[in-house]
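Me: I am new to this structure and would like to learn how to read its features. Can we go through them one at a time?

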Amino acid sequence: MISGGLAIASYSLLNAIAISFATNPIHSQNQLTIRISSAVRTLVLGAVTLGTGVFAIVALGLFALGIQLLLQQLRQKS
């Protein structure tokens with residue numbers, strides 16, 4: 001449940017960051033500034049997306065493990 005909660009929280013954070021980046025474009029005439037800020041935005045979104053994916057996969061794996069253990073217990077009882 002904790003990993004699932006963290007996945008949902010990081011997904012909400014990802015949406016908030018993406019909306020913030022979309023609504024606040026880069027205002028500069030310097031090409032270097034535009035390229036660096038674009039790279040930083042990409043890195044931030046990538047890192048948060050990676051964290052969201054990891055937490056979601058862990059939550060799914062733990063849920064599947066719980067089902068597997070439940071099925072094993074039911075087979076041993078019968």
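Me: Which are the buried residues of helix 2?

Reply: Keep in mind that this is a predicted model. A residue is called buried when its relative accessible area is under 20%. In helix 2, the buried residues are Ser37, Val48 and Thr52.

Me: What covers the buried residues of helix 2?

Reply: The cover includes helix 1, residues 2-23.

Me: Why does Ser10 count as buried?

Reply: The cut-off is under 20% relative accessible area. Ser10 counts as buried because its relative accessibility is 12%. The Ser10 side chain also reaches the backbone oxygen of Ala7, at 3.1 Å.

Me: How many residues does helix 2 have, and what does it reach from its first C-alpha to its last?

Reply: A helix can be checked against the span expected at 1.5 Å a residue. Helix 2 runs over residues 31-77, which is 47 residues, and reaches 69 Å, close to the expected 69 Å. At the start of helix 2, a side-chain oxygen of Asn30 comes to within 3.1 Å of the backbone nitrogen of Leu32.

Me: Which residues make the nonpolar surface patch?

Reply: Val58 makes the patch together with Leu50, Val54, Leu62, Leu65 and Leu69, and the patch is about 530 Å².

Technical notes
Residues are numbered from 1 along each chain as its sequence is written. This is a predicted model: local features need pLDDT of at least 70, side-chain atom pairs count only at pLDDT 80 or more; totals for chains, interfaces and linings use all residues. Side-chain values use heavy atoms; hydrogens and water are left out. Helices (H or I, at least four residues) and strands (E, at least two) are DSSP runs, numbered from the N terminus. The expected span of a helix is 1.5 Å times one less than its number of residues. Buried means under 20% relative accessible area, exposed over 50%, partly exposed in between (1.4 Å probe, protein chains only). Contact means heavy atoms within 4.5 Å. A polar contact is a pair of N or O atoms within 3.5 Å; within protein, one must be able to donate a hydrogen and the other to accept it, and residues adjacent in sequence count only if both atoms are side-chain atoms. Patches are made of residues with over 30% relative accessible area and no salt bridge: like charges are joined within 9 Å, nonpolar side chains (Val, Leu, Ile, Met, Phe, Trp, Tyr) within 5 Å. Accessible areas come from the Shrake-Rupley method with a 1.4 Å probe; for residues, only the protein chains shown count as cover. A salt bridge is a side-chain nitrogen of Lys or Arg within 4 Å of a carboxyl oxygen of Asp or Glu.
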